[in-house]
Amino acid sequence: MAEKEVILTPVGLRKLEDELEHLKSVKRREVAERIKVAIGYGDISENSEYEDAKNEQAFIEGRIITLEKMLRNARIINNDDVDINTVSVGSIVTLKDLEYGDLVEYNIVGSAESDPLQNKISNESPVGKAILGKQKGTNVDVVVPAGVIQYQIVDIKK
């Protein structure tokens, strides 16, 4: 079974590489020291510090494996690859809510670097899926849990 391609911007790639480096060089050492200290407390069968440290170690190792897999399967979208005529990963899209008239600007990114609080939405999100491949001036219906939201694509830029 082929592994899923991870779409990243150069900024998203750097962020994942930095996180991986931090986990390998800093967090691994910290948790190893915590385990060593906890073992020094004696009987590990009833040692909550040891149990917590082992759980954290498992989480860190799992995250390292996940990040390495993501980076191995990464496809980088450069600014030069972004077409301002159609919405694609890397586009910055201004949408107008046709019901309320509100304007919102989203940066379309891969799922690995989506951050709705920063208006970075995934190409796999309901809004991302609905607008991908569409052109400026197009009206789109976005199916969300609360119903259907209608947007017009007002602008597309890099």
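**Entry 1: Arg 75 and Glu 5**

I began with Arg 75, which is partly exposed at a relative accessible area of 38%; I took buried as under 20% relative accessible area, exposed as over 50% and partly exposed as in between (1.4 Å probe, protein chains only). Glu 5 is also partly exposed, at 42% relative accessibility. The model is predicted, so I note that local features need pLDDT of at least 70, side-chain atom pairs count only at pLDDT 80 or more, and totals for chains, interfaces and linings use all residues. Residues are numbered from 1 along each chain as its sequence is written, and side-chain values use heavy atoms, with hydrogens and water left out.

I searched the whole structure for salt bridges and recorded 11; each is a side-chain nitrogen of Lys or Arg within 4 Å of a carboxyl oxygen of Asp or Glu. Arg 75 and Glu 5 form one of them, at 3.1 Å from N to O. This pair links distant parts of the chain, 70 residues apart, with Arg 75 in strand S2 and Glu 5 in the segment before S1. Helices (H or I, at least four residues) and strands (E, at least two) are DSSP runs, numbered from the N terminus.

**Entry 2: Arg 34 and Glu 56**

I then looked up the salt bridge between Arg 34 and Glu 56, whose closest N and O atoms are 2.1 Å apart. Arg 34 is in helix H1 and Glu 56 in helix H2, so the pair ties together parts 22 residues apart in sequence.

**Entry 3: Glu 105 and Lys 157**

I found a salt bridge of 3.2 Å, N to O, between Glu 105 and Lys 157. The pair links strand S4 (residues 103-109) to strand S7 (residues 147-157), across 52 residues. I also recorded that shared partners join Lys 27, Glu 30, Arg 34 and Glu 56 into one salt-bridge network.

**Entry 4: Helix H2**

I checked the length of H2 (residues 48-72): at 1.5 Å a residue its 25 residues should span 36 Å, and the end C-alpha atoms are 36 Å apart, which agrees. The expected span is 1.5 Å times one less than the number of residues. The buried residues of H2 are Tyr 50, Ala 53, Ile 60, Ile 64, Leu 67 and Met 70. They pack against strand S1 (6-8), helix H1 (10-39) and strand S2 (74-76), where contact means heavy atoms within 4.5 Å.

**Entry 5: Asp 97**

Asp 97 touches Asp 102, Ile 149, Gln 150 and Tyr 151, not counting residues up to four places away in sequence.
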